[in-house]
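Please keep the picture open beside you and look up each part as we come to it.

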Amino acid sequence: MWPTVEERRVESRPQAGQVGGGSRRGPEGGRAAAPAGAVGERSSPCDLGQSSAVQFPSSRSEVARGSMERWRDRLALVTGASGGIGAAVARALVQQGVKVVGCARTVGNIEELAAECKSAGYPGTLIPYRCDLSNEEDILSMFSAIRSQHSGVDICINNAGLARPDTLLSGSTRGWKDMFNVNVLALSICTREAYQSMKERNVDDGHIININSMSGHRVVPQSVAHFYSATKYAVTALTEGLRQELREAQTHIRATCLKPEDVAQAVIYVLSTPPHVQIGDIQMRPTEQMT
């Protein structure tokens, strides 16, 4: 039943926060082979339908054995980290020893998650940051703070997204703009700034991951989802365009697009593959999904 939001809705805008603590360790040259995988499925009850199977490592220890070591103590930005997919991804990265800046318009949940991760003794760190992703100045301020306090971004996970029940024939222009600003423009701005951060520090093994939707691969017969679907088709095109531009730039920075309900394990798998492996897209759905 619409509205369904598979990513995080954007709340009212507070002042931008401060990034705290920690230092960045430079890229390491680990080139471990990708771990053997077992097929697993992840359902997507809030994705209006379908996804498809993907190969995962069958346990977290398989992922952790050496293949994630090159990311240890390096910095990942996770947008929309206050709940759901974003929170799960942030936690999984911290468990792997990654330093994570988790951003959202309200950071109470992220602060609680950071405390949980610290109490659990995870080797990484979660740093909450307030950011209104519909505001370019907020995004640029966040990247500036990361640059000054942590050198820069090595992994950018564009997870934040927004759905409004605005149809094509009677929807509000404001609703369309809200979805476009968060789902397309914010993702593009974060991608650009993350790439520039990597480039200026000669980081050639970074990774940009877009958490997309199956709505970016097919149009369901629900009028309230059609503009939202258009923004997600844009994400699909942007991810492939990014892959092509990174190749043209002769860089080994990778681009990946994901569409799940619970993608934390898939994100870790994608990051754990050796630098010469490019996973461009993962689609998942429940095994009993009808459409």
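Predicted model: local features only at pLDDT ≥ 70, side-chain atom pairs only at ≥ 80, totals over all residues.

## How strands pair

Two strands are said to pair when DSSP finds at least two bridges between them. Strands E3 and E4 are parallel partners, held by five bridges. Along this pair, Ala76 sits opposite Val100 of E4, and Thr79 faces Cys103 of E4.

E3 has another parallel neighbour, E6, with three bridges between the two strands. Here Val78 has Ile157 of E6 as its bridge partner. E4 also pairs with strand E5, residues 125-130: the two run parallel and share six bridges. On that side, Cys103 is found opposite Tyr129 in E5.

Another right-handed β-α-β unit is built from E3, H2 and E4.

Are the residues of E3 buried or exposed? Five of its five residues are buried.

## The nonpolar cores

Which residues touch the most other members of the largest nonpolar core? They are Leu93, Val100 and Ile157, in a core of 35 residues. The elements that give two or more residues to this core are the strands E3 (75-79), E4 (99-104), E6 (155-158) and E7 (207-211), together with the helices H2 (84-95), H3 (108-119) and H7 (264-272).

Let us zoom in on Val100. Leaving aside residues up to four places away in sequence, Val100 touches Ala76, Val78, Ala90, Leu93, Val94, Thr125, Leu126 and Ile127. Recall that Ala76 is also the residue opposite Val100 in the strand pairing. There is a second, separate core as well, with 28 residues, among them Cys131, Ala145, Ala194 and Met198.

## Two loop residues with positive phi

Now for a backbone detail. Most residues other than glycine have a negative phi. Ser151 is not a glycine, yet its phi is positive, near 80 degrees. You can find Ser151 in the loop between helix H4 (136-150) and E6. Ser151 is partly exposed, with a relative accessible area of 35%.

Asn202 is another residue to look up: it is not a glycine either, and its phi is positive at about 60 degrees. Where does Asn202 lie? It belongs to the loop between helix H5 (173-200) and E7. Is Asn202 buried or exposed? With a relative accessible area of 68%, Asn202 counts as exposed, because the cut-off for that word is over 50%.

Notes. Residues numbered from 1 in each chain as written. Heavy atoms only, no water. Core = buried A, V, L, I, M, F, W, Y, C linked by side-chain atoms within 4.5 Å. Buried < 20%, exposed > 50% of the residue type's maximum accessible area, 1.4 Å probe, protein only. Helix = DSSP H or I, 4+ residues; strand = E, 2+ residues; numbered from the N terminus. Contact = heavy atoms within 4.5 Å. Right-handed = clockwise from strand over helix to strand, strands pointing away.
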